[in-house]
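Good morning, and thank you for coming.

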Amino acid sequence: MGDINTNSNTGLTPAKILIYSTAAIFLTLGMKAISTVLVPVFFALFAFLIFAPLVRWLIRKGVPGTASVFMVILFFIFAFFGTAVLFVSSLIQLSDQIPDYQIQSQIILNSISAYLPKVGYSVDEVLQGLAAFAFNVSGEIITGALSAGSTIVLIVVTTTFLLLDAAGVPDRVQKEAGDQQTPLSKFAELSRTVINYMLLRTETNLLGGIGVAIIFLLGGIDFALLWGLLFFLFGYIPYLGFYMATIPPMLLGLFKYGLIGAVAVLAIATIINALVENVVFPSIAGKGLKLSPTIVFLSLFYWSFILGAAGALIAVPLTMVVKIVLESSEDTRLIAKLMESSGTRDQVEEKEGENGA
C-alpha cells in the first residue's frame, strides 16, 4: 500500500496532467489579460538582473550601497533615453528618405523584371510586400520595447527597490539556508542561471552590435548605428532575430550598391553572427541554456501571444524561469526535464548513474 501511494504521488497521472493543463490555460489567459502591467514589471525584473552585478561590483570597490544603486540607476536612465533618442531620430531620418529609396527600388526592379518568369504576380509587388513585412515586424518589436519604456517611472522605481534590497538578500538567504539543500537555497542557485544568461546575452549582443555598426559605417551603409542597435536588440530573439535585423540594412545595401551590396551586407552580418553565436557565446556561457531548441522556438510565439511583440525579446529568460519553477516541485520535475535539450538530459542521467554507483 505504501509503495502504491508513493508512486501515485510522484507520477504524472492523467488526472494531474489534466489539472496542470487547465491551470496553464487559465494562467496564460490571465497573463494576457494583464499584459499591460506585466510587460513593464518583467522589464524591470530583467533590468535588475542585468544591473545587480554592477551594484555589487561598486560596493566591493568601496562605494556605499545606496550611492552605488543610484549611480547604476542614473546609468540605466541615460542608456535608455540615449537609445530611444537614437532610434527615434534615425527612424525619422529614414522615413524622410523613403521616397528616394522607392525610386531606387523601382529602377532595380525594372532592370531585373525582364529576366524573371511571369507567375501572375509582378516582381514589384512581391518584393515591396517582403520589404514592407520586414520593416513592419521590426517596427512592431522596437515600438513594443519603447512602449514598455514609456512607463519608465514604474520600471525605474521597481528596479531601484530591487537593487536596494539585493545587497542584503544573499546574506539572509545564506543564513537561513546554511549548508542544507532547502528549496529556497536550490531556487536561488537555479535562478543564477537566468542572471548569467541575461548578462552573457547582453555582453555578446553588445559585441555583435558594435561590430555590425563599425563595419557598416566603414562600408558607407546608411544609418549604421541604427542597424547596430537593431542587431543588439534583436539578438535577444533566438533564430528569428538575426533575419529580422538583417533584412532592412540588406535593402539599403541593395539600393546603394546593387546586388553586390546586398550580398556583402548579408555576408558581413552572417560572419559576425556566426562568430558571436558559435564562438564567443558558447565559450563564455559554458553549459548553455539547457533548453530544447524546439522549446526555445515555441516560446517566441507563446510569449509574443501573451505580451505582444516585446515578449519576443524576453521569451528565453521567461521560459528559463518557468523551467526553474517546474524543477522546484517533484510533481512537475518531469516536465522540466522534457524542456531540456537531449544533450543536457544525457549528461544529467550519466551523472546520476555515477552517483548511484
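**Helices, core and ring pairs**

Setting aside neighbours within four places in sequence, Ser 299 is in contact with Ala 315 and Thr 319. Please bear in mind that this is a predicted model. Ser 299 belongs to helix 13, which covers residues 293–307. With a relative accessibility of 5%, Ser 299 counts as buried, the cut-off for that term being under 20%.

Both partners of Ser 299, Ala 315 and Thr 319, are among the buried residues of helix 14. Helix 14 runs over residues 315–327, and its 13 residues reach 18 Å from first C-alpha to last, close to the 18 Å expected at 1.5 Å a residue. Is helix 14 largely enclosed or largely open? Of its 13 residues, 10 are buried, so helix 14 is largely enclosed by the rest of the structure.

Among the buried residues are Leu 226, Trp 227, Gly 228 and Phe 231. Ser 89 and Leu 226 are 137 residues apart in sequence, yet their C-alpha atoms are 9.5 Å apart in space. Ser 89 lies in helix 4, residues 65–96, and is partly exposed, with a relative accessible area of 28%.

I turn now to the nonpolar core. Which residues of the largest nonpolar core touch the most other members? In this core of 70 residues, they are Phe 46, Leu 163, Phe 216, Trp 227 and Leu 307. The element that gives the most to this core is helix 3, with 12 residues. As general background, nonpolar side chains in soluble globular proteins tend to be buried together. Leu 163, neighbours within four places in sequence aside, is in contact with Phe 48, Phe 51, Ala 52, Val 55, Val 69, Val 72 and Ile 73.

Helix 3 itself covers residues 35–60; its 26 residues reach 38 Å between the first and last C-alpha, close to the 38 Å expected at 1.5 Å a residue. Where in helix 3 does the kink lie? A kink of about 35° is found at Phe 51, shortly before the proline Pro 53. Just after helix 3, Gly 62 adopts a positive phi of about 100°. Phe 51 also takes part in a cluster, in which ring pairs link it with Phe 75 and Phe 76.

That brings me to the aromatic residues. Across the whole structure, a search finds seven aromatic pairs. In one of them, the ring centres of Phe 232 and Tyr 236 are 5.8 Å apart and the planes stand at 85°, so the pair is edge-to-face. Phe 232 is partly exposed, at 24% relative accessible area, whereas Tyr 236 counts as buried at 11%. Tyr 302 and Trp 303 have ring centres 5.0 Å apart and planes at 80°, so this pair is edge-to-face as well. Here Tyr 302 is partly exposed, with a relative accessible area of 33%, and Trp 303, at 6%, counts as buried.

Finally, a charge over a ring: the charged end of Lys 32 sits over the ring of Phe 305, 4.5 Å from the ring centre.

Terms used: Residues are numbered from 1 along each chain as its sequence is written. Side-chain values use heavy atoms; hydrogens and water are left out. Helices (H or I, at least four residues) and strands (E, at least two) are DSSP runs, numbered from the N terminus. The expected span of a helix is 1.5 Å times one less than its number of residues. The bend at a residue is the angle between axes fitted to the seven residues ending there and the seven starting there. Rings of Phe, Tyr and Trp (its six-membered ring) pair if their centres lie within 6.5 Å; planes under 30 degrees apart count as stacked, over 60 as edge-to-face and the rest as tilted. Buried means under 20% relative accessible area, exposed over 50%, partly exposed in between (1.4 Å probe, protein chains only). A charge sits over a ring if NZ of Lys or CZ of Arg is within 6 Å of the ring centre and within 35 degrees of the ring normal. A nonpolar core is a set of buried Ala, Val, Leu, Ile, Met, Phe, Trp, Tyr and Cys residues joined through side-chain atoms within 4.5 Å. Contact means heavy atoms within 4.5 Å.
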